[in-house]
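Q: I should like to learn how to read the features of a structural model. Could we proceed from the whole chain to single residues?

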Amino acid sequence: MNAMDASRPPAAAARAKVPATAWISWIALAMMTTSSVASLRAAPTMAVYGLACVFLYLVPAVVFLLPTSLVSAELASGWKGGVYNWVARGVSKPMGFLAVWCQFAMTIFYYPSLLGFVASTLAYVINPELASSGVWTACVIIVVYWSGVWVSSRGTKGVAGLASGGLIIGTLIPGVVLVLLGTLFLGQGNESAAPMTAENIFPVWAGLASLVLIVNNFLSYSGMEMNAVHVSSLKNPAKEFPKAMFLAMGMVLLIFILPALAISWVVPAEELSLTAGVMQAFDAVFANFGAQWLTPIVGVMLVAASLGGMLTWLAGPSKGLLLISRQEGYLPPFLQRLNKNGVQQNILVVQGIITTVIGLMYALIPDVSSAYWIFSVITTQVYLIMYLLMFVAAIGLRRKYPDHPRGFHAPLLGTLCVVGFVASLAALLVGFVPPSQFGGGNAGIYFVIVGGGALGLGLLVPYLFYRLRKPSWRQEATTEGVSPS
């Protein structure tokens, strides 16, 4: 492996061979990063904190977003193959499998939470009372997810355009409208639903549970390792990539913070739904200006953007898992099977069965907001396991291959990895504590659901696959044309 690494051309020579048309500007990279990270979906979660949401967004940006951005940039500029290759080389192959598994497994809980938001938003287009109905939410999750599986299994191309257009249609335009109308709402002399004084900059401390909602922001900022693969397309990565990341951080923070503040101005925290809060705010603001007829239109825009993103990402993580599993024999042949369109349909179907069961829990849990929050936390917990491994792998790779060509060297890599690892571990542990907003629930049941979902799916399941694997599961000869995306 060292000989192969040594035979590779220097980073500068490799970049010189890149065609001029392949270069991208650092501003373009910042926009790409913003479009993949920023969303209005998390705004209601932080709006319950009012002005304190600014603090709660800035903290994870410094201790999580910045380390993951710079560390993943170095890894992506030196080693292809994504998180599996990074962790497999920096730590071990079993840990590499665990990392790529967690990257896939988080989607099992991500889609129910995403589609829970879609269901509540769609309710405002049909009947706002449905937003609090668990049965309605469960039906939307099940129907929409299986429809997405059907579309993906047919190998439909061009869906990615829906997601890129979704940034403008379902995030920027509604976000700007919400902030502008919220500002006009206050300008008319209306009192803010949440106090906006200096005393409210920090969240009220009521024990550890009062800060638990910050965990959700780690998931909001996740995914930076996906965009780090473009670092080699910059003409001067060492200077341009940090500039792109800082610009993206600023844009992401504005998209997250300003709509959350606008919602807190209009909708009282005690009335805020974590799934329907965005539509509640639009409905209240439009009602103030006599334009409630715009509410369903905004709802359709938000739904279209969410569905476009779901279709784009539905098969992506499972393709990465499929590739590694065929090469190393981590999954049984049944889950490695492809349909006539070359799509890993069996993985999607099994994932769909689990998603259906999770969706039915919305119908069984009386409070839809509680179900939404629980699934969001489980999603974050599983994904954080992958980030813990990534930070450890980055230090290992710097020590094992100090002279390996890298297009970008992260400054103070050790410090960044320690800060990112500690922050990720703290967020993972804090996620097991019920937030103050759900203090009336049973803490034991909450712990069992979150712990069982995160640790069971994130650790136990991949351990069983690894222990039960057989040499016959390897299908290296049939991996051509299959690549993670």
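Q: What share of the contacts in the protein with a separation of 6 or more comes from residues 24 or more positions apart?
A: In this predicted model, residues 24 or more positions apart account for 83% of those contacts. The protein has 20 helices and zero strands. Of its 485 residues, 55% count as buried.

Q: Where is confidence lowest, and where is it highest?
A: Where pLDDT is low, the predicted coordinates should not be read in detail. Here the mean pLDDT of the protein is 78, and 82% of the residues reach 70 or more. Helix H1 (residues 2-6) has the lowest confidence, at a mean of 40, whereas helix H19 (residues 413-430) has the highest, at 91. Over residues 1-21 pLDDT stays under 50, and the model has 22 contacts beyond four places in sequence for this stretch. Residues 477-485 also stay under 50, with 16 contacts beyond four places in sequence.

Q: How is the packing of two helices to be described, and at what angle do H7 and H20 pack?
A: Two packed helices are described by the angle between their axes and the distance between the axes. Helix H7 (residues 93-126) and helix H20 (residues 443-468) pack at an angle of about 135 degrees, and their axes are 10 Å apart. H7 is therefore oblique to H20. The crossing of these two helices is right-handed.

Q: Which residues of H7 and H20 meet?
A: From H7 come Pro94, Phe97, Leu98, Trp101, Cys102, Ala105, Ile108 and Phe109; they meet Gly453, Leu457, Gly458, Leu459, Val461, Pro462, Phe465 and Tyr466 in H20. Sorted by class, this contact of H7 with H20 has 14 nonpolar, two polar and no charged residues.

Q: How do H7 and H17 cross?
A: The axes of H7 and helix H17 (residues 345-364) come within 10 Å and cross at roughly 45 degrees. This angle makes H7 oblique to H17. H7 passes H17 in a right-handed crossing. On the H7 side, the contact is made by Phe104, Thr107, Ile108, Phe109, Tyr111, Pro112, Ser113 and Gly116; on the H17 side, by Ile347, Gln351, Ile354, Thr355, Ile358 and Tyr362. The residues of the contact of H7 with H17 divide into nine nonpolar, five polar and no charged.

Q: How many residues of helix H6 are buried?
A: Helix H6 (residues 82-90) is mostly covered, with eight of its nine residues buried. The buried residues of H6 are Val83, Tyr84, Asn85, Trp86, Val87, Ala88, Arg89 and Gly90.

Q: Is Ser264 buried or exposed?
A: A residue counts as buried when its relative accessible area is under 20%. Ser264 has a relative accessible area of 1%, so Ser264 is buried. This residue is found in helix H12 (residues 237-266). Leaving aside neighbours within four places in sequence, Ser264 is in contact with Ala47, Gly50, Ser192, Ala193, Ala194 and Met196.

Q: What is the relative accessible area of Gly444?
A: The value for Gly444 is 38%, so Gly444 is partly exposed. Gly444 is found in helix H20. The C-alpha atoms of Gly444 and Phe432 are separated by 9.9 Å, and the two residues lie 12 residues apart along the chain.

Technical notes
Residues are numbered from 1 along each chain as its sequence is written. This is a predicted model: local features need pLDDT of at least 70, side-chain atom pairs count only at pLDDT 80 or more; totals for chains, interfaces and linings use all residues. Side-chain values use heavy atoms; hydrogens and water are left out. Axes are lines fitted to C-alpha atoms, for helices over the stretch in contact, and angles run from 0 to 180 degrees between N-to-C directions. Helices (H or I, at least four residues) and strands (E, at least two) are DSSP runs, numbered from the N terminus. Angles under 35 degrees count as roughly parallel, over 145 as roughly antiparallel, 65 to 115 as roughly perpendicular and the rest as oblique. A crossing is left-handed if the near helix is turned anticlockwise from the far one by less than a right angle, and right-handed if clockwise. Contact means heavy atoms within 4.5 Å. Ala, Val, Leu, Ile, Met, Phe, Trp, Tyr, Cys and Pro count as nonpolar, Asp, Glu, Lys and Arg as charged, and the others, Gly among them, as polar. pLDDT is the predictor's confidence in each residue, from 0 to 100. Buried means under 20% relative accessible area, exposed over 50%, partly exposed in between (1.4 Å probe, protein chains only).
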